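Biologist: Please show me the model. I want the terms set against their definitions.

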Protein chains: 4
Amino acid sequence: MALARISFRNDYSEGAHPRLLEALAQAGREQSAGYGLDRHSLRASKLICERIGRDDADVHFLAGGTQVNLTAIAAFLRPHEAVLAARTGHVATHETGAIEATGHKVLEIDCPDGKLTPSLLVPVIEEHGDEHMVRPRLVYVSNSTELGTRYGFDELKALSIFCRTRGLYLYLDGARLGSALAASGNDLGLPDIAEMTDAFYIGGTKNGARLGEALVICNPALQGDFRYVIKQRGGMLAKGMVLGAQFEALFRDDLFLDLARHASVQALRVRDCITAAGFTMFSGSDTNQQFVALPDAMVAKLAGRFEFETWARVDSGSTIIRLVTSWATSDDAVDEFMEHFRRLADECAPPAAALAASRQNQGKQECC
Amino acid sequence: MALARISFRNDYSEGAHPRLLEALAQAGREQSAGYGLDRHSLRASKLICERIGRDDADVHFLAGGTQVNLTAIAAFLRPHEAVLAARTGHVATHETGAIEATGHKVLEIDCPDGKLTPSLLVPVIEEHGDEHMVRPRLVYVSNSTELGTRYGFDELKALSIFCRTRGLYLYLDGARLGSALAASGNDLGLPDIAEMTDAFYIGGTKNGARLGEALVICNPALQGDFRYVIKQRGGMLAKGMVLGAQFEALFRDDLFLDLARHASVQALRVRDCITAAGFTMFSGSDTNQQFVALPDAMVAKLAGRFEFETWARVDSGSTIIRLVTSWATSDDAVDEFMEHFRRLADECAPPAAALAASRQNQGKQECC
Amino acid sequence: MALARISFRNDYSEGAHPRLLEALAQAGREQSAGYGLDRHSLRASKLICERIGRDDADVHFLAGGTQVNLTAIAAFLRPHEAVLAARTGHVATHETGAIEATGHKVLEIDCPDGKLTPSLLVPVIEEHGDEHMVRPRLVYVSNSTELGTRYGFDELKALSIFCRTRGLYLYLDGARLGSALAASGNDLGLPDIAEMTDAFYIGGTKNGARLGEALVICNPALQGDFRYVIKQRGGMLAKGMVLGAQFEALFRDDLFLDLARHASVQALRVRDCITAAGFTMFSGSDTNQQFVALPDAMVAKLAGRFEFETWARVDSGSTIIRLVTSWATSDDAVDEFMEHFRRLADECAPPAAALAASRQNQGKQECC
Amino acid sequence: MALARISFRNDYSEGAHPRLLEALAQAGREQSAGYGLDRHSLRASKLICERIGRDDADVHFLAGGTQVNLTAIAAFLRPHEAVLAARTGHVATHETGAIEATGHKVLEIDCPDGKLTPSLLVPVIEEHGDEHMVRPRLVYVSNSTELGTRYGFDELKALSIFCRTRGLYLYLDGARLGSALAASGNDLGLPDIAEMTDAFYIGGTKNGARLGEALVICNPALQGDFRYVIKQRGGMLAKGMVLGAQFEALFRDDLFLDLARHASVQALRVRDCITAAGFTMFSGSDTNQQFVALPDAMVAKLAGRFEFETWARVDSGSTIIRLVTSWATSDDAVDEFMEHFRRLADECAPPAAALAASRQNQGKQECC
């Protein structure tokens, strides 16, 4: 039976962390005001504002990431204004045209590692010079990205300065923000992100919550009437406390980062095992998503015992797979993976072909 | 403190019924496939199909009612096609233009009790005769309605025949479907509704679930690619099993109807107490929403001990209030309400002015 | 053959006034810049600005009225903001949901004569008090209205003050603005309208032009990036000079008002003939649209010689017809109509039944 | 004064061909039915049906190309369905997000010459495999393309077969269809296009008309209620005869092709002069748009006497310019251009650098 395999498929297979379940159960025994105006949501909002060091930010809790993205973008932009995103960005390719369905074009930019930079943005902005083309207005970045990479302080700062100079909004999709912040080399804090962006969201679903994302609108000019747009787009839950209670538990202490750190540690164990066997990782990820090109035979054997996604086909008989860890990934699961992987790597020696495949696909990853 | 008062404010103040919490906790300990393809959602879907006696229906679970309505209507209609709804219908006035935001006009029809009939529809349809006006295409009904009234078998059958004759879709918003089916005089079954409508949804949020609604698409012509539209509109939860596990618990046995029956019994106790005191209820509701016009002084005193919504102002010093019961409304709460109400009614005797107000507003209820 | 009949069907059956044809022919012999940046459009824009006494207004020329309305409203409003309009307003019922297709709800208000007033707006605005309902934002009026009635100076001023006090935009659809301004009792000038509204348009199609409407955006806050929205909605003509050249000719001297005055004079001749025969006009129109309820037999006989629209059925064997005059309506055509009408009125004497019908339908005209 | 220069800027600078002006003047003297139901529009529709050999096609006349594209796509697609287009396609980059504003994503495909092929489409279609991504549904091609290239019979046939096999609609934007059909090497006829596509439009604006495009819907499954969508999107002109009368004149005899042939002959004269001077044209155009990379000094000198668009910057001191001819381009104008060009080419000899620039940019033209 498929689920008996150990899963590295994604970070949203498990229900929720026990402390969040407990918080939910407790909240469920009280009566609450509806539509996100309950005491748990208000407290969670306050806790997040304290964490980012801003008392003028607005925090809204929504059920899922696509919902957050489409609601925010619909609220922030005028009809002719467009989003700038990496081609690998979630809004660009994996939301079934949710942004376009609100009327806005997403201008997709090829970039080697899923990360935008001012120099990648400049030519697109310059190309769009008059009213016969959309007006680029909102820069969408993910942190960590869909390829597991992260923005450093200087990188995000450069983007932020660029955006403010050019009259662009900077919006950060934090579906996996925990994984970015918990990475060992990370030098970005939540207050930095709040300072550098106009809005961002903190992902709960992929970091221990049953469901829920916390949108933080830092730019006061974008805050007006936001609850109207949430309601209009179907994102206002009658029992909003379901979301609030979980974020209250995540941010009352360090649970949010603790859960992400656990995932990160397990991911690096996976990565180090793979590179020790002579393989080169596909993207420079140090977060909870790890990508590697493996010979097809090896992929098939791994799949007998583990679940994971195949990410892209490599021409020469290899496939890039994605291995994802989460707050729920156990030491034992990773131990077992490492043991299997080492054995298979030995059998498949030498991994030269796969290595070559890894390299020749560095330039193709933007098509994934 | 406000919440210390006993609440008849709405049917979504409580977390969830203990059996649903238990089902959620259990599901949360397993790994599940994502996006509604987990085993709980599949089983819940199968249970609902069995209950309605149809194996060709499609069942989808979404987080909230506005989300269901906007997704279904966006998926079913072409751009120039419009919705026909009672002016009191949820899509007409209480979804912040969610339907219009998908591009479709809602044609609002005045009706005395929140219920549509063929004879109310005919003039609107005949008025819309050419391409300079929208084409009426989908008839939206709520059961029970926003005024607590219900459709009987013959009434829904008549609408169904009318719609099929005229090439209209019939869509039933069942946010409070439990309360309609559990009413003592109800003669409609779920299989009847599945037979008579093109699509309908079964409300969980207002009948014991933490969140979740089950959309049933009965008409095969409307089923194609529906998951694409769910995703596009932000309604596809990564952890869809949160919804599926609850509906599995609601429909594994009679829990869904049992919860609704409890609410219904309490509502009738409230109603009977009020009418025994000489007041006339505002709408002919026998479900979990009860409306009555009371003198303002009485409203103020009731509000010291109970929470409820004021529904509409009556000119002559009276106000219509709404009292809502739920699966969680205790005998004690209703006992206390009844005791208070009788005492206040005696103090405020004679209620003649309020009675008159009740009557003169029978014709105004469509503006609520 | 149908067209041999004399037409009072509408004001857009003829091609264009000879002086506009001449202007077009001359412009067509030159090379012009594209997309509305040609010298004719620029001059026409300047002439209109002079006529309204504002050098900070933006003028844009579009092909038709629905195009203007949907483009302006899409550009002016945020997604959750709604339009307030008379139920008879063009955007409400006769544009196939064009406004809703841009995502905005139109809140329809019953009003006896097609004209909005502050007191008609207040209850709708007060009903819309929170984020579960749309936010009323733009008041749409037509002048002259779809029923031929007009706003006086004081009426529009009252609306304007009301809108500014309440944070609402006031938008005036001037498809038949000429007919309003040319009416004998009119006390509103173009500068008044520019002062009182946030935007309005001056209709060319129904006042002598081959096609074209001039949108004037008076409120600078609404002017930004408007050309982007025109292009996005398909309204930017490559050969924009076709529109500009006509408006240049209309506003170089008094041609615009002269054409409208001609229509008005003919309309009053028609009206006076009808009332002299003992009939009561249906709406208090003194513009180029005249409505009257006539016995069906009389309608049938008139239709043998004249073209016109039947507007609404009256129960008692009568029908309301609409008679429209234009710049092209000849003295002879009206003479012939008057002669026929008097004869028919004598045959059908006494007109008591029709008169009664006229009266009992004063309250129904909002359903037209 | 700018316009005294001879213009090769575009094919929509002139008013209209005299025979169309005459047709318009004549039609303008009659009374006509409104909204495209006039006798000229009906006759023009019939003439086009005869020309394509189909009596089951629907023909609609609209004012401009963006209007046609957005109306057709809005009418043909369900919300989650997407357009496939060359990155240079008009809908992709030059309509200010008009398609996205109707809710649909445009999937942009890099292609060397502005033309799509099955092998370019396959990877995009295969990448879009589930409900987390849009469903590719309509293939948009332009003929001639934005780079002046054309589809041959076999090329369009291959696309047509591919689309029908894969359940895709094939839609052809014929803003410059005349220029494609009039090219000397063309082997496609209007009946072929009607047979191979689901819908296409015949451009009038860029081929002698004052304004107007004729949309032909060949696939009966796409014809239903199309006039509703025209009206909703603002494209229905009250005086539709303005469009019909011009197309009647274009298709009563061979005027449509005659005008295009004239432009084509002049374009080839321009092209041959340029290549004779040793330059390589940028795209393989044999239609009325010619592209060539020239040294900047030469561009500046040409611009002193002629108007044209600069298309893209070439790094090495060269710029690609676009030269466009039309039905109105005179022999004298081209003579003068050729004389100037030869002289400048001699002065700037040798053109080696520009030649090299031409070549190294063959691969970049998709960014134009």
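This is a predicted model: local features need pLDDT of at least 70, side-chain atom pairs count only at pLDDT 80 or more; totals for chains, interfaces and linings use all residues.

Biologist: Why is Q266(C) called buried?

Modeller: Buried means under 20% relative accessible area, with exposed over 50% and partly exposed in between (1.4 Å probe, protein chains only). Q266(C) has 1% relative accessibility, so it counts as buried.

Biologist: Where does Q266(C) lie, and what does it touch?

Modeller: Q266(C) lies in helix α12 of chain C, residues 255-276. Helices are DSSP runs (H or I, at least four residues), numbered from the N terminus. Leaving aside residues up to four places away in sequence, Q266(C) touches T325(C), T329(C), S330(C), D331(C) and V334(C). Contact means heavy atoms within 4.5 Å.

Biologist: What describes the packing of α2(C) and α11(C)?

Modeller: Helix α2 (residues 39-52) and helix α11 (residues 241-252), both of chain C, pack at about 35°, and their axes are 7 Å apart. The axes are lines fitted to C-alpha atoms over the stretch in contact, and angles run from 0 to 180 degrees between N-to-C directions.

Biologist: Which handedness has the crossing of α2(C) and α11(C)?

Modeller: That crossing is left-handed. The term applies if the near helix is turned anticlockwise from the far one by less than a right angle.

Biologist: How do you know that chain C and chain D are related as by a two-fold rotation axis?

Modeller: Chain C can be laid on chain D by a turn of 180° and a shift of 0.0 Å along the axis, with an RMSD of 0.0 Å. The two copies are thus related as by a two-fold rotation axis. Superposition is by least squares on the C-alpha atoms of residues with pLDDT of at least 70 in both.

Biologist: What makes it the same surface in both copies?

Modeller: Of the contact residues of chain C, 98% recur in chain D.

Biologist: How many residues does the contact take from chain C and from chain D?

Modeller: Chain C gives 42 residues and chain D gives 41 residues.

Conventions
Residues are numbered from 1 along each chain as its sequence is written. Chains are lettered from A and ligands numbered from 1 in the order in which they are written. Side-chain values use heavy atoms; hydrogens and water are left out. Helices (H or I, at least four residues) and strands (E, at least two) are DSSP runs, numbered from the N terminus.
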